[in-house]
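I opened this entry to look up the pockets of the model and the residues that line them.

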Amino acid sequence: MLKSLFKPLMLLLAGFAIFLIEWYTPIHSDDYRYYLLGTSLDSHYHHYMTWSGRIIADYASALILASESQTVYSLSTAFVTVAFCYFITKTPDGTLRWNKNDYVLFPLIFFTYWISNPNLGQTTFWLVGAANYLWTNLFVAAWLFFMHAIVTRDVKKISPLMVVLSFMAGCSNESVSPFVSLLSVLAICYAFWRTKTVPVNRVIYSLSAILGSCVLILSPGNFIRASGKEFWYGKPLFERIFIHLTERTHNHLALIWISYVVLFLLVMLVVFNKPLRAKITQSTWFFAAFTVLVGIGTSVIMFASPSYPDRVMNGTFMFILLAVSFIATAILKANTKAGKYGVSAIVVLCAIVFGWSYSLMYKAYKMVAVQEVVRQQVIAQEITDGKRNFTIPEYYFSKLQNSGGHFGFFHDPAVYGEYYGVDNVYRLKLDFDYSVIARGTAYPVTDTVTAWADSAGNVLLVSKAPLSAPPAMTIDGKSWTPKSLTRKSAHINDSWWYYYAVPAGKVDNITL
């Protein structure tokens, strides 16, 4: 009974871990733009013709945002992350049925996805980013799962679902799409090489994938956007390739270095154990090496793009995860004690890093959720005061495992303004956490100055005019005065904000 419950419990826990972080993630960046885009076919056709060929990603993000439900946001993010990891886990087996090895393999893939993600905040916890770099890669991962099964089992039957999935995988994102088309052609070539026949189903899937790639890459909107990138497209082709390979590729490949460590440990586990090594088939090594090469290819091909944000590496990362899955699956299937203990040990190491990383992420995102309350209060007050142009504070993140843990800070004042029914909403970067305004205790200092404080040592004063002297405080019955008036401060709209890190304890009184 307990064993039968362990599988759904493991998947639910993984999903809940994602759900919880997304629950604390406010909509941000281009989420506003795609909410305003809406779900009408006319608006998306215009978007396709003038801006982007990512019809799958663009419609998925607009559809999710149209719900205006944090529950829907969180459930969709949890589902797509778990489903993505599940397909990666099950691809070597060629079946979606759970088996005993998956109790080790799925956590390995899930933990590695978290701790080695090139930009977790933008690939997973940004709704538009997830639509572009997680949802689309889920379709690619599902396509790879089925295509691997079709090739290894020589399936001839035509599946309408696979036809649709081939198109969606081809119309995924620019770094992965060409390789989906290439792999679909290679599947045909492999069949012809082995049997001197061309399976009709593979031809149909390949045509569907190529059609998806053409819809994505040959979008008129892509060419319109490219027309303003003379700084890149004005360079000779070989110069662009040289710059990309020498200045961009290695830096981006380094973003997922933890996955290389996991892969290296698995390979070393096989290399230094002769009985285990004898049970690993050549096909395992081939598929692992092949997916690594394809992954590197998805990075190299980005020489065609003038921009190469970290989040694009999620496609490359997917293929490295597949290599991990192929080797780990083979080790576990070998059914040796050394193999099982070795993979389990790697899972434990990943779990330790995941626990540390997750705790930092949870704290930071929970704090950001409270900051969003403050931002909404500022927006509401400025609108009430009749302002058409005003400023809100930027999100402030506490320490994370790496800089890719936080979501993107892109901010279009006009788009934010349109969303809130004003002209422009600007942002101001702050170097302190201002969430104490929403969660702390308010202290009316004067008619024009209000302070907020908590017991953790955070005090923030908001004044209608610049302060001429630092405040004096009583904390746990002891007097305390900051040495600097403006150690951390910001001028936001018609107010001056002053932040002080004070000794932890109950703030009894604040005076000027």
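**Pocket linings**

I began with the elements and noted that H12 gives the most to the lining of the largest pocket, with 4 residues; helices here are DSSP runs (H or I, at least four residues), numbered from the N terminus. I was working on a predicted model, in which local features need pLDDT of at least 70 and side-chain atom pairs count only at pLDDT 80 or more, while totals for chains, interfaces and linings use all residues. Residues are numbered from 1 along each chain as its sequence is written, and side-chain values use heavy atoms, with hydrogens and water left out.

I then looked up the volume of the largest pocket, which holds about 1,300 Å³ of space. A pocket is an open set of points on a 1 Å grid over the protein atoms alone, where a 1.4 Å probe fits, with protein on both sides within 12 Å along at least five of seven lines, and lining residues have an atom within 4 Å of a point; the volume is the space filled by probe spheres set on the points, which are joined across faces, edges and corners. Of the 37 lining residues, I found Arg-54, Glu-174, Arg-225, Ser-305 and Ser-307 closest to the centre of the largest pocket.

For the second largest pocket, I noted about 660 Å³ of space and a lining of 26 residues, with Val-151, Tyr-190, Phe-286, Phe-287 and Phe-290 nearest its centre. I recorded H10 as the source of the largest share of the lining of the second largest pocket, 8 residues.

Definitions and conventions:
Helices (H or I, at least four residues) and strands (E, at least two) are DSSP runs, numbered from the N terminus.
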